[in-house]
Amino acid sequence: MTGKAKVKLATAWLDGCSGCHMSLLDVDELLVALVEKVDLVYGPLVDAPEYPESVDVALVEGAVSSVGDQKLAQTIRARTKVLIALGDCAVTSNVPSMRNTIPVKKLLERVYVEGADAAPGVPKDGVPALLRHALPLAEVVKVDIHIPGCPPKPGAIAHVLTSLLDGKKPELKGLVKFG
Amino acid sequence: MEAKMTIRIDGELVKAEKGSTIFEAARANGKRIPGLCNMTGLKPVGACRLCMVEVAGVNRLLPSCTTPAQEGMSVTIRSARLDSYRKEALELLLSERNHVCAVCVSNGHCELQSLSQELGVTNVRYGYRYPKLPVDLSHPRYVLDHNRCILCSRCIRVCAEVEGAHVWDIAGRGIASMLTCEMNRSWGASRSCTSCGKCVQVCPTGALAEKGFAVEEMVKKFEAVERLAVGRGGVK
């Protein structure tokens, strides 16, 4: 990056458990260095209502499970230079994909009607509709870097972020595994 | 002493026993070829397609586990091109069924997972299929989860060739192929299974596992069964 302009970093939380965000916070002292070089502009860790127009790097956690996830993923892709799938749910669809063999209608009725102790009924207002399958991010938008892991090791996240800040291509062979 | 032949592996001249496969010749010289279906002591079948190698003068890849080494043969077992094909084969295996490592008993002890890690598979470039597959919990001690099966057939061969029971087979064709117990019985209803557990111990993934283990807990005793298979005079 040129001059003293800070790199604009965003994070997003789709269908996941937020464990990948916890792993991001576990990069420890690198956070201090990141604060010097990076502006966190969007995500669960900051208070920003809209995804900004121009972002340098986005870390996206979670599978694409709903129409809302799909829209956000497309917005992120359109407004971001480097899109990173963070963790197994974003990379493989992982645990969220375990519903994929059950039709959505049957799934929702099992949980919200048969499984309800009170007020049975599938919620419709204010929640985005589920897609037929929970999908890996790469099946919805182009992904530039994948960091697998459940959660990914802080060292792998740190390697990717520091490589990008140094203008290098990260090499994750040996640093990551599924699961 | 058995007669030796000379072959070239990745440019290096090595001696190999006559009658050995390329896979065996490489291993005898301390050179590892990746693989998921081969096992010392069992007949090789070439099921997983990960041990594919380049043989000089042959215009297609050959599975090293089923290809006999020949005097003067020149074989490439590791190259960027081969690794890229092996990554594709791994990605196809991962996309074919529901390999959810995070909730698998074999997480951290899985050959499919560790080979993917070794070859640098960080994502799958093919669309996942999400097939609806059964889990057979009918055996009192073991479980068969078809979601995690890669159809390597080690279980079939160890049961037939070492235990002598031949409980397992593959039924169906192509993408519909499934491991089957006897003539499509549930495992618990099997009349020939001796409950020895060899199939479980040699399974490269979490498809066959002992009951009572949680995520990451199923550590298999592959080497013990392999020694047994070799000791019984199986394929060396």
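Residues are numbered from 1 along each chain as its sequence is written, while chains are lettered from A and ligands numbered from 1 in the order in which they are written. As the model is predicted, local features need pLDDT of at least 70 and side-chain atom pairs count only at pLDDT 80 or more, whereas totals for chains, interfaces and linings use all residues. The complex receives from the predictor an ipTM of 0.92 and a pTM of 0.95.

Between the two chains, the contact involves 22 residues of chain A and 17 residues of chain B; two residues are in contact if their C-beta atoms, placed from the backbone, lie within 7 Å. On the chain A side, the most is given by helix α4 (residues 88-92), with three residues. Helices (H or I, at least four residues) and strands (E, at least two) are DSSP runs, numbered from the N terminus. The chain A side that touches chain B comprises nine nonpolar, nine polar and four charged residues. In this classification Ala, Val, Leu, Ile, Met, Phe, Trp, Tyr, Cys and Pro count as nonpolar, Asp, Glu, Lys and Arg as charged, and the others, Gly among them, as polar.

Chain B is divided into domain 1 (4-78) and domain 2 (102-231), with bounds that come from an automatic or database domain assignment. The C-alpha centres of these two domains of chain B are 25 Å apart. Their contact draws 12 residues from domain 1 of chain B and 16 residues from domain 2 of chain B. The side of domain 1 of chain B that touches domain 2 of chain B has nine nonpolar, two polar and one charged residues.

In chain B, five strands build an open sheet of mixed pairing, in the order β2-β1-β5-β3-β4; two strands pair if DSSP finds at least two bridges between them. Strands β2 (12-17) and β4 (62-63) of chain B each have a single partner strand and stand at the edges, so one side of each lacks a neighbour in the sheet. Strand β1 (residues 4-9) of chain B runs parallel to strand β5 (residues 74-76) of chain B and is joined to that strand by two bridges. B:Ile9 has B:Val75 as its bridge partner in β5(B).

In chain A, A:Val160 belongs to helix α6 (residues 154-165). A:Val160 is buried, because 25 other C-beta atoms lie within 10 Å; the class is buried at 20 or more such atoms around a residue's own C-beta, exposed at 12 or fewer, and partly exposed in between, with C-beta atoms placed from the backbone. Beyond neighbours within four places in sequence, A:Val160 contacts A:Ile84, A:Ile145, A:Ile147 and A:Pro170. The C-alpha atoms of A:Val160 and A:Ile147 are separated by 8.4 Å, with the two residues 13 residues apart along the chain.

Backbone geometry marks three further sites. Most residues other than glycine have a negative phi, and most peptide bonds are trans. A cis peptide bond, with omega about -5°, joins A:Cys150 and A:Pro151, and A:Pro151 is located in the loop between β7 (145-147) and α6 of chain A. A:Ser18 has a positive phi near 80° and lies in the loop between β1 (7-13) and α1 (19-25) of chain A. With 14 other C-beta atoms within 10 Å, A:Ser18 is partly exposed. B:Tyr130 has a positive phi near 50° and is placed in the loop between α3 (111-118) and β6 (135-136) of chain B. B:Tyr130 is buried, with 20 other C-beta atoms within 10 Å.
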